[in-house]
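Please consult the sequence and the coordinates alongside it.

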Amino acid sequence: MKLIRFGAPGQEKPGAVLADGAKVDVSAFGADYDESFFSSDNLGKLRAWVSQNQQELPVVSEDTRLGAPMQRPSKIVCIGLNYAEHARESGMDIPTEPVVFFKATSAICGPNDDLIIPKGAEKTDWEVELAVVIGKKASYVSEENAMDHVFGYVLHNDYSERAFQLEQGGQWVKGKSCDTFAPIGPFIATKDEVKDPHDMKLWLKLNGETIQDSNTSDFIFNIPQVISYLSQFMTLLPGDIISTGTPPGVGLGFKPPRYLQPGDVVELGIEGLGSSKQTAKAYQG
């Protein structure tokens, strides 16, 4: 099943994408896509409800804004340098353990919302990533059981302001958490929709030019390893997002580096998870 949320910012309603691609409003089901939804059997109930009521469900028009396909989760946990070539282009060693950082949930926005280049930013960068949505509380989970805790998968652009991240000291979170730096969606694909999350093509275009083009088969640390590893240090809650890292082709890796300017258009996608598009705009305060 594919889950969406739609409507004006802060007023999003839950929806679903039918087998024929039509988007429908499922708010009458009575549950939004939050921690409570992901932690219960609401998905099975929603599937049955949609099947029974499909003909009566309001259609969501194609020009309706899509929001992030989940209500704000408790956390976004990101894995850095999880593709060997990306580590090399960043001038960093290939990690022997997952590199972990957080991204503020206030950075979340809709998949096609504008990217706001932050005040004082100089080096705003792009990163197409596969994100995992947790469906069952995970604490001290083994790699063998880790996939039992996955609800589904979603497209994420892990925008980064490299000057904040790498040149001002402290933790990476500063360069990762600016408003609009986490466009998510267009939809969550439940895990039964994805044949193999370790064999998914992902790509990103800047102003029509393909500059990231890779496959999740190039992970250094796979999804079970990442979930198990993280669960040794923190409890992963239903609805939490784990972003699994980006392949080579980020602006930082170009010689000379390339960074976003107002008016630039970023398009990205993952096989089976749809695509998104953001237009860069300068901060206006």
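Helices (H or I, at least four residues) and strands (E, at least two) are DSSP runs, numbered from the N terminus. The model is predicted: local features need pLDDT of at least 70, side-chain atom pairs count only at pLDDT 80 or more, and totals for chains, interfaces and linings use all residues. Residues are numbered from 1 along each chain as its sequence is written, and side-chain values use heavy atoms, with hydrogens and water left out.

Q: Why are β8 and β19 said to pair?
A: Two strands pair if DSSP finds at least two bridges between them. β8 and β19 (residues 274-282) have 3 bridges in the parallel sense, and therefore count as paired. Ile-117 stands opposite Ala-282 in β19.

Q: What makes β8 and β16 edge strands?
A: β8 (115-117) and β16 (209-215) each pair on one side only. The open sheet has 5 strands, in the order β8-β19-β18-β15-β16, with mixed pairing.

Q: Why is the space lined by Leu-81, His-86, Glu-127, Arg-162 and Trp-172, among others, called a cavity?
A: On a 1 Å grid over the protein atoms alone, a cavity is a set of points where a 1.4 Å probe fits but cannot get out; lining residues have an atom within 4 Å of a point. A search of the whole structure finds 1 cavity of 30 Å³ or more. The largest cavity holds about 110 Å³, and 18 residues line it.

Q: Which helix gives the most to the lining of the largest cavity?
A: α4 does, with 3 residues. Both α4 (162-166) and β5 (76-80) supply at least two residues each.

Terms used:
1 Å grid on protein atoms, 1.4 Å probe; cavity = no way out; pocket = protein on both sides within 12 Å on 5 of 7 lines; lining within 4 Å. Points joined across faces, edges and corners; volume = space filled by probe spheres on them.
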